[in-house]
Amino acid sequence: MITLNASSLNQIADASGAPAVPTYDLAQRQVGIVHFGVGGFHRAHQALYLDRLMNDGEAMDWAICGVGLLPGDARMRDALLPQDTLYTLVTKAPDGSRDARVIGTLAEYLFAPDDPEAVLTRMTDPAVRIVSLTVTEGGYNYNASTGEFQFETPAVSEDLEADFASGATPKTMFGYVIEALRRRREAGEQAFTVLSCDNVRGNGDLARRMLLAYAQRKDPELGEWIAEHVTFPNCMVDRITPVTADSDRAMVAESFGVQDAWPVVSEDFIQWVLEDRFPAGRPAFERVGVQMVDDVEPYELMKLRLLNCSHQAIAYFGLLLGHTYAHEAVNDEDLARFTRKSYMDDEGTPAVGEVPGTDLEQYKDQLMERFGNEYVADALARLAAESSDRIPTWLVPVIRENLAAGRDVTASAAIVASWARYAEGVGENGEQWDVVDRQRERVMARAATHDEDLLAFLRDEELFGDLVEQSAFTEPYAEALKTLRAEGARVLLQQIVA
Ligand SMILES: NC(=O)c1ccc[n+]([C@@H]2O[C@H](COP(=O)([O-])OP(=O)(O)OC[C@H]3O[C@@H](n4cnc5c(N)ncnc54)[C@H](O)[C@@H]3O)[C@@H](O)[C@H]2O)c1
Ligand SMILES: O=P(O)(O)OC[C@@H](O)[C@@H](O)[C@H](O)[C@H](O)CO
């Protein structure tokens with residue numbers, strides 16, 4: 001067994017059946033990107049594209065400095081630092097074939113609470129030209145029903161009041177980005193590009209609006225400078241990346257002979273469609289498969305409304321039917337038909353429109369194949385987490401558009417009802433599950449009153465706006481929830497797909 005770190009790379013390279021190792025010289029890397037939110041996805045996606053470039057002898061000045069902000073990120077620090085920030089990425093195809101490689105593009109990892117000033121120093125280094133983000137849908141601090149920045153969130157309001165110029169240090173992504181830009185401006189340095197890689201529609205536009213709302217409240221003049229000098233390209237990102245399980249660590253050790261404290265396992269599919277707005281420069285991403293476009297919106301709508309919304313379709317129904325993984329859920333004939341036809345074809349697709357160079361039928365078939373990839377073992381619990389960030393961000397806009405166009409919303413109403421039923425916290429056979437959601441108490445409290453009021457869940461305006469007043473939605477919703485509660489998920493699915 002070889003323990004992964006920089007000095008064991010040669011040994012790994014020589015071992016048979018071991019992962020591929022970087023062909024570039026780690027000592028030659030220079031940090032050009034600071035990334036907030038180094039989770040599984042960033043390490044399977046952006047870091048891999050850069051790894052492809054560096055293996056081709058390019059982009060050595062675009063290495064990544066990863067930053068962890070939340071207390072939970074101490075685990076990533078503890079896993080990565082002893083292995084010189086190297087990690088193994090294993091990709092698995094639906095036919096069971098695998099690829100394993102050690103990724104070396106993450107050159108540095110900073111756990112911000114340990115030393116906030118080190119993060120700011122890195123972000124003000126002129127060599128850093130991109131600050132990228134995967135801070136989850138919830139990380140943008142916006143109210144999904146109004147689209148407005150939420151100033152009253154405790155960590156954000158603390159950062160807003162703190163005087164960074166007199167030694168206080170930031171706590172949030174907003175605080176770090178705005179303070180770093182203030183320092184760069186003061187030093188006469190060029191601004192960096194802010195690149196959001198989260199699954200939100202118009203992720204760059206959203207990042208811009210939220211960061212500007214914060215900056216304008218903190219320092220209006222700085223806000224104007226940012227509005228003029230900082231670009232926020234939008235992008236569509238795609239690669240199904242489950243949470244790393246202990247069985248993945250064991251698999252990397254047993255199958256590839258490498259001891260890695262936190263490998264990443266993902267599907268083999270990968271896509272990144274990116275707007276080309278990087279005045280401070282960017283890696284030559286287009287050479288390694290990134291699609292550079294002027295307008296990313298059609299691709300984003302396709303991905304969010306077909307892939308991510310379908311994930312919501314299989315998550316709660318799948319758990320209610322007693323499944324654990326995404327591949328089990330789409331091997332269930334009723335749920336597969338519901339997802340592929342009732343949701344994707346009948347309701348998702350009309351809300352997508354034309355996508356350049358893309359055959360949507362093929363795209364949807366491929367999605368079903370990807371969901372069915374048993375080797376990836378994507379837990380439904382991952383897809384059912386943080387629903388109060390996901391349903392309002394992804395599915396509610398589809399429902400609104402379909403309602404406005406006079407189209408059917410039966411399947412979407414059933415998906416929302418499956419979430420409401422799931423939020424009751426007890427399965428059809430009495431199984432208890434942990435509702436993982438930062439709004440857990442709120443959603444569970446509403447779901448607990450379903451006996452008295454079938455529309456209780458929908459009355460949360462922050463999540464659903466005025467949907468509760470639209471009978472074209474509330475009727476199929478109430479019908480679905482009634483059936484789910486009285487007869488169960490299978491009966492409801494069979495009624496809808498009949
Ligand atoms: N996992 C996937 O399949 C996938 C695919 C495409 C896009 N994404 C995007 O990437 C995001 C992260 O996914 P992941 O699988 O890496 O999750 P993860 O849980 O492995 O990592 C999330 C990271 O974000 C950080 N974070 C969360 N909230 C934050 C906040 N408010 N401020 C700062 N940092 C915060 C966490 O500390 C952690 O480092 C998703 O929410 C999604 O938007 C994920
Ligand atoms: O990671 P989230 O919270 O944005 O959403 C859960 C999944 O739908 C998502 O991670 C998909 O797996 C991903 O978007 C595929 O590219």
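Colleague: How much helix and strand is there over residues 295-484?

Modeller: In this predicted model, residues 295-484 are 63% helix and 0% strand. The end C-alpha atoms of that stretch are 41 Å apart.

Colleague: Which annotation covers residues 295-484?

Modeller: An unreviewed UniProt entry annotates residues 295-484 as "domain: Mannitol dehydrogenase C-terminal". The UniProt annotation "domain: Mannitol dehydrogenase N-terminal", also from an unreviewed entry, covers residues 32-286.

Colleague: And what is the helix and strand content over residues 32-286?

Modeller: There the chain is 35% helix and 20% strand. The end C-alpha atoms of residues 32-286 are 18 Å apart.

Colleague: Where does the domain assignment put the bounds?

Modeller: Domain 1 is given as 2-293 and domain 2 as 297-497. Their C-alpha centres lie 29 Å apart. Domain 1 puts 22 residues into the contact, and domain 2 puts in 26 residues.

Colleague: Which strands supply the domain 1 side of that contact?

Modeller: E9 and strand E11 (264-267) each supply at least two residues of the side that touches domain 2. By class, that side of domain 1 has nine nonpolar, eight polar and five charged residues.

Colleague: OK, sheets. What is the strand order in the five-stranded one?

Modeller: The order is E6-E3-E2-E7-E8, the sheet is open, and the pairing is parallel. Strand E6 (106-111) and strand E8 (193-196) stand at the edges with a single partner strand each, so one side of each has no neighbour in the sheet. On average, neighbouring strands of this sheet are turned by 25° against each other, direction ignored.

Colleague: How many bridges are there between E2 and E3?

Modeller: Five bridges pair strand E2 (residues 31-36) with strand E3 (residues 63-68) in the parallel sense. Among the partners, Val 31 is bridged to Ala 63 in E3. Helix H8 (residues 203-218) packs on the sheet and touches strand E7 (130-133) and E8. The direction of H8 makes about 120° with that of E8.

Colleague: Then the three-stranded sheet: is the pairing parallel, antiparallel or mixed?

Modeller: Mixed; the sheet is open, in the order E9-E12-E13. Strand E9 (235-238) and strand E13 (291-293) are at the edges, each with a single partner strand, so each has one side without a neighbour in the sheet. Neighbouring strands here are turned by 20° against each other on average, direction ignored.

Colleague: How many bridges join E9 to E12?

Modeller: Four bridges join them, and the two strands run antiparallel. Cys 235 has Leu 274 in E12 as its bridge partner.

Colleague: And how many bridges join E12 to E13?

Modeller: Three bridges, between strands that run parallel, with E12 spanning residues 271-275. In E13, Gln 291 is the bridge partner of Val 273, and Met 292 is the bridge partner of Leu 274.

Colleague: Which helix lies across E9 and E12?

Modeller: Helix H11 (residues 297-320), running at about 40° to E9.

Colleague: Which element gives the most to the shell around ligand 2?

Modeller: H11 again, with three residues. The residues surrounding ligand 2 include Leu 307, Asn 308, His 311, Asp 238, Glu 386 and Arg 390. The shell has three nonpolar, four polar and five charged residues. Domain 1 and domain 2 each contribute at least three residues to this shell.

Colleague: Switching to ligand 1, which residues come nearest?

Modeller: Gly 37, Gly 39, Phe 41, Thr 136 and Asp 198 come nearest, out of 26 residues around ligand 1. H2 gives the most to this shell, with three residues. Helix H2 (40-44) and E9 each supply at least two residues. By class the shell divides into nine nonpolar, 12 polar and five charged residues.

Colleague: Last one, the hairpin: how many residues sit between E4 and E5?

Modeller: Five residues, and Gly 96 in the turn has a positive phi of about 95°. Strand E4 (residues 87-92) and strand E5 (residues 98-103) pair over six bridges in the antiparallel sense.

Methods: Residues are numbered from 1 along each chain as its sequence is written. Chains are lettered from A and ligands numbered from 1 in the order in which they are written. This is a predicted model: local features need pLDDT of at least 70, side-chain atom pairs count only at pLDDT 80 or more; totals for chains, interfaces and linings use all residues. Two strands pair if DSSP finds at least two bridges between them. Axes are lines fitted to C-alpha atoms, for helices over the stretch in contact, and angles run from 0 to 180 degrees between N-to-C directions. Two residues are in contact if their C-beta atoms, placed from the backbone, lie within 7 Å. Domain bounds come from an automatic or database domain assignment. Ala, Val, Leu, Ile, Met, Phe, Trp, Tyr, Cys and Pro count as nonpolar, Asp, Glu, Lys and Arg as charged, and the others, Gly among them, as polar. A residue is near a molecule or strand if its C-beta atom, placed from the backbone, lies within 6 Å of it. UniProt positions are given in the numbering used here, feature names are shortened, and annotations may be inferred rather than shown by experiment.
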